[in-house]
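I opened the notebook with the model on screen. My plan was to go from single residues to the whole chain.

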Amino acid sequence: AVVARRGDLAAADVIIVDPPRKGLCADVLKALLRPAAKRRKLVYVSCGFDALQRDLAALVAGRWRLDRVEGHVLFPGADHVETLAVLDEGE
């Protein structure tokens, strides 16, 4: 969230977020929705599916286009699936 408040996200080509189960904090979501000088890619790693759905809805309603979503078991033997979403910034 500190990077988002400083405005450093606008200069990034690729942004990777891995928020807690509650999803993105408001500062980060606002920063991702601000216009940037160039098109960016966003990689969202989620362990909280409800928060991912909420955040993706806000991002897609804003500047982002959902490219793909994949489920991964990152911890062998666990019954939990991590979700990886890749988005491209629209024009």
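Predicted model: local features only at pLDDT ≥ 70, side-chain atom pairs only at ≥ 80, totals over all residues.

Is Thr83 buried or exposed? I found Thr83 buried, with a relative accessible area of 10%. My cut-offs: buried means under 20% relative accessible area, exposed over 50%, and partly exposed in between, with a 1.4 Å probe and protein chains only.

Residues are numbered from 1 along each chain as its sequence is written, and side-chain values use heavy atoms, with hydrogens and water left out.

I placed Thr83 in strand β4, residues 82-89. Helices (H or I, at least four residues) and strands (E, at least two) are DSSP runs, numbered from the N terminus. I then listed what Thr83 touches, not counting residues up to four places away in sequence: Tyr44, Val45, Ser46, Phe49, Leu52, Val69 and Glu70. Contact here means heavy atoms within 4.5 Å.

Next I looked up His72. It is found in strand β3, residues 64-72. His72 is partly exposed, with a relative accessible area of 32%. How far apart are the C-alpha atoms of His72 and Thr83? I read 6.2 Å, for two residues 11 apart along the chain. Leaving aside neighbours within four places in sequence, His72 is in contact with His80, Val81, Glu82 and Leu84.

**Entry: helix α2**

I turned to α2, residues 26-33. Which of its residues are buried? I noted Val28, Leu29, Ala31 and Leu32. Seen down the axis of α2, these buried residues fall within an arc of 160°, so they line one face of the helix. The arc is that of the directions from the helix axis to the C-beta atoms. On the other side of α2, I found Ala26 and Lys30 exposed.

Leu9 lies in the loop between α1 (2-6) and β1 (14-17). At 12% relative accessibility, Leu9 counts as buried. Leu9 and Ala31 are 22 residues apart in sequence and 6.9 Å apart in space, C-alpha to C-alpha.

**Entry: helix α3**

I looked up Ala58, which lies in helix α3. It counts as partly exposed, at 27% relative accessibility. Which residues does Ala58 touch, not counting those up to four places away in sequence? I got Leu29 and Leu33.

I placed Gln53 in α3, residues 49-61. Gln53 counts as partly exposed at 44% relative accessibility. C-alpha to C-alpha, Gln53 and Gly23 are 9.3 Å apart in space and 30 residues apart in sequence.

**Entry: the whole chain**

I stepped back to the fold. The protein chain has three helices and four strands. Along the sequence, I read the pattern α-β-α-β-α-β-β. Among contacts with a separation of 6 or more, 65% join residues 24 or more positions apart.

I checked the dimensions. A compact globule of 91 residues would have a radius of gyration near 12 Å; the protein chain has 13 Å, which agrees. That radius is taken over C-alpha atoms, and the globule rule is 2.2 Å times the number of residues to the power 0.38. The C-alpha atoms fill a box of roughly 45 × 25 × 20 Å along the principal axes.

Of the 91 residues, 37% count as buried. The protein chain exposes about 5500 Å², and carbon and sulfur atoms supply 58% of it. These areas come from the Shrake-Rupley method with a 1.4 Å probe; for residues, only the protein chains shown count as cover.
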